[in-house]
Amino acid sequence: MIGALGRWFTALSPRERALIGIAALLLAGIVGWFGIVRPATIGLEQARARHAAAAQQLATVQGQLAALTPLAKAGPAKLNAPLDTVLRERATLAGFTLSTVSAQSDNGVLIALPAARPRALFGWIAALEADGILVQQLQVTDNGDQTLSVSVTLRARGL
């Protein structure tokens, strides 16, 4: 096969050989660009984007871990009464009316608030967490009047 191709090429005139050589160089350039260079640069760009996303996610996770470290070192919450009693008192002090307070099987307490302002609610939850009462599950529904209906399961840290 190669011998037949070589005989065919030598039978061509010098001008035809030059044109076929130029066409072969152009073909090699096109195949090199679209078959090697472009896929490699696209792959590198995608790898850089994945690396940047992974680095951002790592930084986020490390920040979250740093925020949790003091809680882990703090030990169990120091409550002077049962958790449901503490939650009732703290809710009353914050101005919330609890519609439900029920103990759960996993040392948690489920509470429900029919209406709460978002800023006050999340500030109250943050204060509870600072004192070692952690949110296990939170369900919030918009009431349509700038208040929220809330169902939250809380438990004391270390229990």
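**Exercise 1.** Does Arg119 count as buried or exposed, and what is its relative accessibility?

*Solution.* The model is predicted: local features need pLDDT of at least 70, side-chain atom pairs count only at pLDDT 80 or more, and totals for chains, interfaces and linings use all residues. Residues are numbered from 1 along each chain as its sequence is written, and side-chain values use heavy atoms, leaving out hydrogens and water. Buried means under 20% relative accessible area, exposed over 50%, partly exposed in between (1.4 Å probe, protein chains only). Arg119 has 76% relative accessibility, so it counts as exposed. Arg119 belongs to helix H4.

**Exercise 2.** State the strand order of the open sheet and find its edges.

*Solution.* Strands are DSSP runs of E, at least two residues, and helices are runs of H or I, at least four, numbered from the N terminus. Strands pair if DSSP finds at least two bridges between them. The four strands follow the order S1-S2-S4-S3 with antiparallel pairing. Strands S1 (100-103) and S3 (133-142) are at the edges, because each has a single partner strand.
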